[in-house]
Amino acid sequence: MTEQRSLRVAVRRHSRAIFLLALSLYTLFLIYTSFSYSREARMFPLIANVLLIGLILVEALFNRYGDRLHFRIHGVFSKTNEGDDVLSRAAAERNVRREVEMVGWIVGFIFVIWLFGFLSSFLLVPLFVYVYERDLRMAIYTLIVIVVLLNTFVYVLSARLWDGVIFGLL
């Protein structure tokens, strides 16, 4: 019984590291598998998975050395440190409202992609970032990233993106 409890405590303590290890192994498997594709077909999986490995590495470094770097790291829907990690009623209502807003944005974004296509719809992402963060600088950075990603898909990968119902009729 004691061994089982200690194993449970160890897994809980290292759950984030275990998850990152599993995610990195799966990503490495995807990179390995993508080499069996044709040259054109493997470009996107390689780009996406190499970027994912970089993000996993950054997350692992923050988990290991974040306390020494004095970064304040928190999740979007994280708990507050009030007493014994129980959210107050107002904070819980605020989190539920934010989650509902996020789901609304995602559903609306999917509808706009269906209606107008990817190229015109991705211009709404900086608007979302501005509404969510209330920071114009972040919205501009997001717009720059969106333009780079769209150019990567359209020109580097030669991918044909969804034109949308409206532009498909024209």
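Trp-105 counts as partly exposed, because its relative accessibility is 32%; partly exposed lies between buried, under 20% relative accessible area, and exposed, over 50% (1.4 Å probe, protein chains only). This residue is found in helix H4, residues 89-116. Helices (H or I, at least four residues) and strands (E, at least two) are DSSP runs, numbered from the N terminus.

Before I continue, a word on the basis of this talk. The model is a predicted one, in which local features need pLDDT of at least 70 and side-chain atom pairs count only at pLDDT 80 or more, while totals for chains, interfaces and linings use all residues. Residues are numbered from 1 along each chain as its sequence is written, and side-chain values use heavy atoms, with hydrogens and water left out.

Let me turn to the overall layout. The protein has eight helices and zero strands, and its pattern along the sequence reads α-α-α-α-α-α-α-α. Of its 170 residues, 16% count as buried.

Trp-105 also belongs to a nonpolar surface patch of about 960 Å², together with residues including Leu-124, Tyr-130, Met-138 and Val-148. Such patches are made of residues with over 30% relative accessible area and no salt bridge; like charges are joined within 9 Å, and nonpolar side chains (Val, Leu, Ile, Met, Phe, Trp, Tyr) within 5 Å. Accessible areas come from the Shrake-Rupley method with a 1.4 Å probe, and for residues only the protein chains shown count as cover. Helix H6 (124-133) and helix H7 (136-156) are the elements that give two or more residues to the nonpolar patch. H7 gives the most, with six residues.

We come next to charged pairs. Side chains of opposite charge can pair when their charged atoms come close. How many salt bridges does the structure hold? There are two, a salt bridge being a side-chain nitrogen of Lys or Arg within 4 Å of a carboxyl oxygen of Asp or Glu.

One of them joins Arg-16 to Glu-59, with the closest N and O atoms 3.9 Å apart. This pair links distant parts of the chain, since Arg-16 is in helix H2 and Glu-59 in helix H3, 43 residues apart. Glu-59 is partly exposed, at 30% relative accessibility.

In the other, the side chains of Arg-97 and Glu-101 meet at 3.9 Å, N to O. About one helical turn separates Arg-97 and Glu-101, because they are four residues apart in helix H4. Glu-101 counts as partly exposed, at 42% relative accessibility.

The largest share, four residues, comes from H2.

Finally, Leu-21 is also in helix H2. Is Leu-21 buried or exposed? It counts as exposed, at 51% relative accessibility. Leu-21 and Ile-56 are 35 residues apart in sequence, and their C-alpha atoms are 8.8 Å apart in space.
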